[in-house]
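Here is a short briefing to read alongside the model. Please keep the sequence and the 3D view open as you go through the points.

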Amino acid sequence: RHGLTPLLCRHLHDLALDECPAELLAQLKAATQHSVVASLAQASEMVAVLDALRAVGVSALAIKGPVSATLCYGDFGLRTFSDIDLLVEPAAVAAASELLESRGYAPQFKLSPAWQARLVRLGTEHLFRHADGRRLVDLHWCLMPRGYSFTPGRDGVFARRQTVRIGAAEVPTLGDEPTLLFLLLHGMKHDWESLGWLTDVAELLRRKPALDWDAVLAWSAPRGPRRMVDVGLALAHELLGAPVPVAALRRGEADAEVAHIVSAIRQRHLAPSPASLSLTERSVGLLYFRAMQRSSDRLHFLHDVVLRPTPLEWDAVALPPALAPLHYLVRPVRLLWKHAVPVRAVHR
């Protein structure tokens, strides 16, 4: 579930080969081999898509997936991933979407040019699924939801770029420092549901001892992104022994809420089963909300979750773009139907 089977298999083979039951080790090896084959196929497709985008004049960065696996583990076979994540400029979304469709990918939502322009203006990504049902490309034009104080721009530390060798190809991606910050923000956005995301952070820190911590701490010093980053660093250090500088740990220790959030996430991961946690403890997004330090961010989050229309609403009730504000009436109704129907079924 956490995407860590290959890493577990490697460690058991290296450290406890004589103590691990042979049948269990064989199962892990089989699962790992299956994962490696899938990873090779994904990496090959990623390189092909990047080459095709470059041929039509679209500059794209690969993020997460094979690239993060290579940066964090030095071997993308040690990390499972289900899709290819690409980052393009907002102005290039239409061209990138057209290229993906020409390669057999279909967008999650079939949008007219006017609605696609609205998605680019208000959203951050669009998922494309290949006709074979196995390949996915998540096309991003913004690393985090828009309008928050912790949403990265494309300047400063986030302007740093590098290439990573995957096979015979040099794949463009974010530099080490923005990769770390993005992993920390992404994990907090999803309440650190997956230990795999936290392991990515820990392994990146182990592999990159020359990381520019001054740049990392300077970018995350303001009140908006600070707690988002401090929670992830504290978790990686506490649960996985990641080499986090003392200055970074002390900054987090000065914020009592960081310790509370870390404790809640640790409890989620160490609980015997998800059912043993209360509904509040299981609620995804609650800890992300608590990690927000600014009232403006919290209000923005509540607006996004409860009121702001998404392509799901656009798809449910077709309207011309000029009447798009009417989807604000559709959103609460759709959410009520989505959550009320399962509750009624349970009571019956």
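**A mixed sheet and its surroundings**

Strand β2 (residues 84-88) pairs with β5 in the parallel sense, over four bridges. Two strands count as paired if DSSP finds at least two bridges between them, and helices (H or I, at least four residues) and strands (E, at least two) are DSSP runs, numbered from the N terminus. This is a predicted model, in which local features need pLDDT of at least 70 and side-chain atom pairs count only at pLDDT 80 or more, while totals for chains, interfaces and linings use all residues. Residues are numbered from 1 along each chain as its sequence is written, and side-chain values use heavy atoms, with hydrogens and water left out.

**The sheet**

- The open sheet is formed by five strands in the order β1-β2-β5-β4-β3, with mixed pairing.
- β1 (60-63) and β3 stand at the edges with a single partner strand each, so one side of each is left without a neighbour in the sheet.
- On average, neighbouring strands of this sheet are turned by 30° against each other, direction ignored.

**Strand β4 and its partners**

- β4 runs antiparallel to strand β3 (residues 105-107), and three bridges join the two.
- A106 has R129 in β4 as its bridge partner.
- β4 also runs antiparallel to strand β5 (residues 136-140), this time with five bridges.
- In that pairing, L127 stands opposite D138 in β5.
- β4 and β5 form a hairpin with five residues between them, and G133 in the turn has a positive phi of about 80°.
- S97 counts as buried because its relative accessibility is 3%.

**The cavity**

- One cavity of 30 Å³ or more is found in the structure. On a 1 Å grid over the protein atoms alone, a cavity is a set of points where a 1.4 Å probe fits but cannot get out, and lining residues have an atom within 4 Å of a point.
- The volume of the largest cavity is about 50 Å³; grid points are joined across faces, edges and corners, and a volume is the space filled by probe spheres set on the points.
- Its lining is made up of I63, K64, V67, S68, L71, T173, L174, T179, F182 and L183.
- At least two lining residues come from each of α3 (65-73), β7 (169-174) and α6 (176-189).
- By type, the lining divides into six nonpolar, three polar and one charged residue (Ala, Val, Leu, Ile, Met, Phe, Trp, Tyr, Cys and Pro count as nonpolar, Asp, Glu, Lys and Arg as charged, and the others, Gly among them, as polar).
- S68 lies in α3 and counts as buried, because its relative accessibility is 7%.
- Beyond its neighbours within four places in sequence, S68 is in contact with Y73 and L183.

**Residues in other helices**

- C9, in helix α1 (residues 5-15), counts as buried at 8% relative accessibility.
- Leaving aside neighbours within four places in sequence, C9 is in contact with L28, K29 and T32.
- C9 and K29 are 20 residues apart in sequence, with 6.5 Å between their C-alpha atoms.
- A31, in helix α2, counts as partly exposed at 36% relative accessibility.
- The C-alpha atoms of A31 and L53 are separated by 33 Å, with the two residues 22 apart along the chain.
- D315, in helix α15 (residues 311-316), counts as exposed at 58% relative accessibility.
- D315 and K110 are 205 residues apart in sequence and 8.6 Å apart in space, C-alpha to C-alpha.

Terms used:
1 Å grid on protein atoms, 1.4 Å probe; cavity = no way out; pocket = protein on both sides within 12 Å on 5 of 7 lines; lining within 4 Å. Axes fitted to C-alpha atoms, helices over the stretch in contact; angles between N-to-C directions. Buried < 20%, exposed > 50% of the residue type's maximum accessible area, 1.4 Å probe, protein only. Contact = heavy atoms within 4.5 Å.
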